[in-house]
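Hi there,

Here is the structure I promised to pass on to you. Have a look at it first, and then read my notes below.

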Amino acid sequence: DWTMPGYIDEAVARIREQVGSDEVILGLSGGVDSSVAAALIHRAIGDQLTCVFVDNGLLRLNEAEQVMETFARNLGVRVIHVDATAQFMGHLQGVADPEAKRKIIGREFVEVFQAEAQKLPAARWLAQGTIYPDVIESAGGKTKKAHTIKSHHNVGGLPETLKLSLLEPLRELFKDEVRELGVALGLPREMVYRHPFPGPGLGVRILGEVKKEFADLLRRADAIFIDELRAADWYDKTSQAFAVFLPVKSVGVMGDGRTYEYVVALRAVETQDFMTARWAELPHSLLGKVANRIINEVRGINRVVYDISGKPPATIEWE
Ligand code: XMP
């Protein structure tokens, strides 16, 4: 019969046997799958694993610090933290089309990751947090959307260019098993049960052209929303929740002055499979509190709206 500690021992033995004394590299995104893969592989081979964490400037508030805290400081994993914000922002300048933005973010990620990987010439393996549903998805005729979703995480031709073999220790696991494994390996529950976050990050939550100034405002608004959802015990009742930055200005009043500032939309949905979704019926008092806090605390935002569109016909993300 199956137990998690038994499973970990087995998986660890398998990884050790597979890689021997070779070096392994892994792209750590902060998402559940790559995080659990990193923790498991680290348990198996320790410092033979090097993780590369790329900050593209489109992550959530304090996300880079949290990843470094969890992996580097708490678990003792070797993590290379690359702050590539300037590079990503530079390439995104003047680009408004959602798919064009996705392509740029995916391409720059591969660029940065590859440059880091080349600094580790001893690496023989590229580890990925591929899970069972990903395996089925790419075996069966994958839909365009499925392909798009994975295109960011998939490091493209990297294994070939760098002459690396793939190490995918989560290939047989479903998402809930991956989460259980993560907790058993000592990852914080909060990280393991976090809502999904798209590969292009805030890049598709800032409508149109991405600017660092917009990302900074959005990060703070989003953090307030998520804080209040958690405080009100609504976080786990929603499947995904986030703020969206609308680059339009509207008029407001503050004291005896007039403001002319940006708008933030809040999105919260309930869904089983993310193919269809219902907007979450959050309490009005909660929405009011979030709106007040954002407007009071984030200078530059003077209006907050709530998205009550279902999927279909709307999508969960705004781009
Ligand atoms: P939509 O907006 O299509 O989103 O209803 C469905 C789910 O997919 C996520 N999503 C993405 N994930 N790269 C990703 O890794 C992407 O380009 C991407 N676009 C959407 C979205 O967050 C939701 O969970």
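Helix α4 passes helix α5 in a right-handed crossing. Please keep in mind that this is a predicted model. To find the pair, look for α4 at residues 85–92 and α5 at residues 98–118. Their axes come within 10 Å and cross at roughly 145°. Which residues make the contact? On the α4 side they are Gln 87, Phe 88, His 91 and Leu 92. On the α5 side they are Lys 101, Ile 104, Ile 105, Glu 108 and Val 112. Sorted by class, the contact of α4 with α5 has 5 nonpolar, 2 polar and 2 charged residues.

**The sheet**

Next, please turn to the strands. Five of them form an open sheet with parallel pairing, in the order β3-β2-β1-β4-β5. Which strands are at the edges? They are β3 and β5, and each of these pairs on one side only. From one strand to the next, the twist averages 30°.

You can follow the pairing at both ends of that order. Strand β2 (residues 49–55) pairs with strand β3 (residues 78–83) in the parallel sense, over 6 bridges. Within this pair, Val 54 has Val 82 of β3 as its bridge partner. Strand β4 (residues 123–127) also runs parallel to its partner β5, and 3 bridges join the two. The edge strand β5 covers residues 165–167, and its Leu 166 stands opposite Leu 126.

**Helices and the sheet**

Between β2 and β3 you can look for helix α3 (residues 63–75): β2, α3 and β3 make a right-handed β-α-β unit. Helix α2 (residues 32–45) lies across β1 (23–28), β2 and β4, and runs at about 160° to β1.

**Two domains**

Finally, zoom out to the whole protein. The domain assignment gives domain 1 as 4–192 and domain 2 as 205–306. How far apart do the C-alpha centres of the two domains lie? The distance is 29 Å. The two domains do touch: 10 residues of domain 1 are in contact with 9 residues of domain 2. On the side of domain 1 that touches domain 2, 6 residues are nonpolar, 2 are polar and 2 are charged.

Enjoy exploring it, and write back with any questions!

Best wishes

How values were computed. Residues are numbered from 1 along each chain as its sequence is written. This is a predicted model: local features need pLDDT of at least 70, side-chain atom pairs count only at pLDDT 80 or more; totals for chains, interfaces and linings use all residues. Two strands pair if DSSP finds at least two bridges between them. Helices (H or I, at least four residues) and strands (E, at least two) are DSSP runs, numbered from the N terminus. A crossover is right-handed if, with the strands pointing away from the viewer, the path from the first strand over the helix to the second runs clockwise. Domain bounds come from an automatic or database domain assignment. Two residues are in contact if their C-beta atoms, placed from the backbone, lie within 7 Å. Ala, Val, Leu, Ile, Met, Phe, Trp, Tyr, Cys and Pro count as nonpolar, Asp, Glu, Lys and Arg as charged, and the others, Gly among them, as polar. Axes are lines fitted to C-alpha atoms, for helices over the stretch in contact, and angles run from 0 to 180 degrees between N-to-C directions. A crossing is left-handed if the near helix is turned anticlockwise from the far one by less than a right angle, and right-handed if clockwise.
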